[in-house]
Amino acid sequence: MRSRVMLLVVLVSLVVVSCGAGESTDTSPSATAATTSAPTVETDVAFATYNGEPFTLDLHVPADSAGAPILVTEGVEEVVVERFVDEGVIVVNLEGETEPEGMPIAGPDQPMQDNRVPFRITAEWFGCAIRFAREQAAELGNDDPAVALMSLSVGGGNVAHVALFGADLEAAWDEFAAAGGPTRQIECATTGGSTDVDGLIGVAGAYDFLVPIYEGLYGLSYQREQDPDFQAFLASAVGRNPDLMVRLFHDPADRAIPLENSTMFEDALAGAGYDVELITFDGGHSYPTAELIAPALMEVLGR
């Protein structure tokens, strides 16, 4: 997995050793704070394993991390990450470019029964990242940070699934496992902690595939015909995290996933009582500019 360019090297505290009697190093909070006045980044940090092989992420921490909210995302360009960090957000960027050997992958071109395991793997992947990010925030003094998820395309469907289940994510999958679904697949580096999410930003997402509550190409009727039990489980995410704020982005000219997929998802969530808004932009099947996303991100994070 490639490393991201470092925003700034972590400043190391200087320890002055005195030869005189009675002198000591100043380790007061004010002295320590003076050494953490710049953004930092750690690359390729292991946060979970599948069959003993690690998943890694890049952790970006703003200069002033006191009370900082969290964004968990994937494949976002450095310039966009930098903008979010400048806004005071802790950014966890999941690369996803290397996958453990033999890991099953979800796809609409295979029976929905075959998507059960890869759907759970992806849900746990994001869940482990949320727990890891919350632990990092706690170490920086924030025990209850606001958390947002953001992703594009199939990833947009994945983060919608995870955010809608929220704190119930693990328990819901375990209940489905007890009824014949797949058992746990991934081991998180951070045990315990919550997978609760406050905000969701989806970009041209495959929402019908991961949250089949409306028709779409791979939505309600398609999944009910192939695997009705799985469809019912996926749809049960709606209502579990009712305070979730949702902002959707889509280019009307997107040829990979049509705008209609986002408009139908917006209507379905609005009908279920969610605070949801669809924002159109020019840019194709890609993330919008940092200038466009940043206000929406700060809104869903309550900033």
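Visitor: Does aspartate 168 count as buried, exposed or partly exposed?
Guide: This is a predicted model, in which local features need pLDDT of at least 70 and side-chain atom pairs count only at pLDDT 80 or more, while totals for chains, interfaces and linings use all residues. Residues are numbered from 1 along each chain as its sequence is written, and side-chain values use heavy atoms, with hydrogens and water left out. Buried means under 20% relative accessible area, exposed means over 50%, and partly exposed is in between, with a 1.4 Å probe and protein chains only. Because its relative accessibility is 30%, aspartate 168 counts as partly exposed.

Visitor: With which residue does aspartate 168 form a salt bridge?
Guide: A salt bridge is a side-chain nitrogen of Lys or Arg within 4 Å of a carboxyl oxygen of Asp or Glu. For aspartate 168 the closest N and O atoms of such a pair are 3.7 Å apart. The partner, partly exposed with a relative accessible area of 30%, is arginine 240.

Visitor: How many residues apart in sequence are the parts that aspartate 168 and arginine 240 tie together?
Guide: Helices (H or I, at least four residues) and strands (E, at least two) are DSSP runs, numbered from the N terminus. Aspartate 168 lies in the loop between helix H4 (154-165) and H5, whereas arginine 240 lies in the loop between H8 and strand E8 (245-250). The pair therefore ties together parts whose separation in sequence is 72 residues.

Visitor: Which residue forms a salt bridge with glutamate 299?
Guide: Glutamate 299 belongs to helix H10 (residues 290-300) and its partner to strand E8, so the pair ties together parts that are 52 residues apart in sequence. The closest N and O atoms are 3.1 Å apart, and the partner is arginine 247.

Visitor: Where does arginine 131, the salt-bridge partner of glutamate 170, lie?
Guide: The side chains of these two residues meet at 2.5 Å, N to O. Glutamate 170 is partly exposed, at 31%, while arginine 131 counts as buried, at 10%. The pair links distant parts of the chain, 39 residues apart, with glutamate 170 in helix H5 and arginine 131 in helix H3.

Visitor: With which side chain does arginine 120 make a polar contact?
Guide: Arginine 120 is also found in helix H3, and at 1% relative accessibility it counts as buried. A polar contact is a pair of N or O atoms within 3.5 Å; within protein, one must be able to donate a hydrogen and the other to accept it, and residues adjacent in sequence count only if both atoms are side-chain atoms. Here the distance is 2.7 Å, and the partner is aspartate 174.

Visitor: How many of the residues of H3 are buried?
Guide: H3 reaches 35 Å from its first C-alpha to its last, close to the 34 Å expected at 1.5 Å a residue, where the expected span is 1.5 Å times one less than the number of residues. The helix is mostly covered, and the buried count, out of 24 residues, is 20.

Visitor: How many residues does the largest nonpolar core have?
Guide: A nonpolar core is a set of buried Ala, Val, Leu, Ile, Met, Phe, Trp, Tyr and Cys residues joined through side-chain atoms within 4.5 Å. Phe47, Val72, Leu94 and Phe265 have the most contacts inside the largest one. Its largest share, 11 residues, comes from helix H3 (residues 116-139).

Visitor: Is the ring pair of tyrosine 207 and phenylalanine 265 stacked or edge-to-face?
Guide: Rings of Phe, Tyr and Trp (its six-membered ring) pair if their centres lie within 6.5 Å, and planes under 30 degrees apart count as stacked, over 60 as edge-to-face and the rest as tilted. Both tyrosine 207 and phenylalanine 265 are buried. Their centres are 4.4 Å apart and their planes are at 15 degrees, so the pair is stacked.

Visitor: What is the arrangement of the rings of tryptophan 173 and phenylalanine 233?
Guide: Tryptophan 173 lies in helix H5 (residues 169-178) and phenylalanine 233 in helix H8 (residues 228-235), 60 residues apart. Both residues are buried. Because their centres are 4.7 Å apart and their planes are at 70 degrees, the pair is edge-to-face.
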